[in-house]
Amino acid sequence: MRNNQAARREERAVIASLARDLAALPLKSTGELAEQYLGLFNEPTRSRNKGYLVKRIGWRLQEIAEGGLSPRALAQIEALAPLAPVRWQPRPSTQPVATPVKRRDPRVPPPGQIIRRTQGDTEYQVKVLENGFEYEGKVFRSLSGIARHITGVSWNGYRFFFGSSETANMDRAGDR
């Protein structure tokens with residue numbers, strides 16, 4: 001009986017301590033929270049958002065106090081989402097990191113073609129490159145950047161070169 005009472009007292013003390021720790025989190029500075037995050041997760045935080053840090057640290061404190069997810073729950077997560085990153089399990093270092101594939105806008109002609117736009121007496125020529133566009137010897141990431149360079153105002157590049165009432169056309173690089 002005495003051991004049972006001592007165990008209950010100890011459990012209440014842990015709960016009270018956890019409650020104090022959780023209540024103190026919003027009162028800490030972002031720097032203090034970042035230090036505590038490092039101590040709890042063994043990695044620096046990538047966020048300086050105080051609300052996020054309070055939630056993550058609070059979750060971790062409760063996980064430590066209550067024991068975290070059971071091995072059965074972790075196995076179920078792994079079975080349902082084997083490719084999803086599970087933050088409470090260390091990631092294998094051999095897992096390849098997927099790089100996003102940048103797709104070209106299908107409306108833009110293939111590399112090597114020249115886009116021409118005539119506005120008044122001036123003809124603008126833009127060469128389509130594999131990763132961008134060339135205008136007057138300078139490389140631009142987008143047609144919008146070239147349109148802004150030409151006009152001095154923000155334009156949708158596709159609309160500037162292809163959707164205007166003025167003439168715009170395309171030629172192969174060697175046709176003219």
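How many of the seven residues of strand S1 (residues 113-119) are buried? Five of them are, so S1 is largely enclosed by the rest of the structure; buried denotes under 20% relative accessible area, exposed over 50%, and partly exposed the range in between (1.4 Å probe, protein chains only). The views below show a predicted model, in which local features need pLDDT of at least 70 and side-chain atom pairs count only at pLDDT 80 or more, while totals for chains, interfaces and linings use all residues. Residues are numbered from 1 along each chain as its sequence is written, and side-chain values use heavy atoms, with hydrogens and water left out.

**View 1. Overview of the chain and its confidence.**
The chain contains six helices and five strands, where helices (H or I, at least four residues) and strands (E, at least two) are DSSP runs numbered from the N terminus. Read from the N terminus on, the order of elements is α-α-α-α-β-β-β-β-α-α-β. Of the 176 residues, 24% count as buried. Among contacts (heavy atoms within 4.5 Å) with a separation of 6 or more, 37% link residues 24 or more positions apart. The mean pLDDT, the predictor's confidence in each residue on a scale from 0 to 100, is 80, and 80% of the residues reach 70 or more. Over residues 172-176 the pLDDT is below 50, and this stretch has 10 contacts in the model beyond near neighbours in sequence.

**View 2**
Strands S1 and S2 run antiparallel and are joined by six bridges; two strands pair if DSSP finds at least two bridges between them. Gln119 has Thr122 of S2 as its bridge partner. Two residues separate the strands of this hairpin, and Gly120 in the turn has a positive phi of about 65 degrees.

Val128 stands opposite Phe133 in S3, and the hairpin connects S2 to S3 through two residues. Glu136 lies in the loop between S3 and strand S4 (138-140). The phi of Glu136 is positive, about 50 degrees, although this residue is not a glycine. With a relative accessibility of 61%, Glu136 counts as exposed.

**View 2. The largest nonpolar core.**
A nonpolar core is a set of buried Ala, Val, Leu, Ile, Met, Phe, Trp, Tyr and Cys residues joined through side-chain atoms within 4.5 Å. The largest one has 14 residues, and those that touch the most other members are Val126, Phe133, Tyr135, Leu143, Ile146, Ile150 and Phe161. Two or more residues each are given to this core by strand S2 (122-129), strand S3 (132-135), helix H5 (143-151) and helix H6 (157-162). H5 provides the largest share, four residues. Apart from residues up to four places away in sequence, Leu143 touches Val108, Ile115, Val126, Phe133, Gly157, Tyr158, Phe161 and Phe162. A second, separate core of 10 residues includes Leu25, Leu33, Leu40 and Val54.

**View 3. The loop between H2 and H3.**
Thr45 is found in the loop between helix H2 (30-41) and helix H3 (50-66). Its relative accessible area is 17%, so Thr45 is buried. A polar atom of the Thr45 side chain lies 3.1 Å from the backbone nitrogen of Ser47. Setting aside neighbours within four places in sequence, Thr45 is in contact with Ala34, Tyr37 and Leu53. Asn42 has its place in the loop between H2 and H3. This residue, which is not a glycine, has a positive phi near 60 degrees. Asn42 counts as exposed, at 68% relative accessibility.

**View 4. Ser29 and Lys50.**
Ser29 has its place in the loop between helix H1 (2-24) and H2. At 35% relative accessibility, Ser29 counts as partly exposed. From C-alpha to C-alpha, Ser29 and Lys50 are 7.8 Å apart in space, with a sequence separation of 21 residues.

Definitions and conventions: A polar contact is a pair of N or O atoms within 3.5 Å; within protein, one must be able to donate a hydrogen and the other to accept it, and residues adjacent in sequence count only if both atoms are side-chain atoms.
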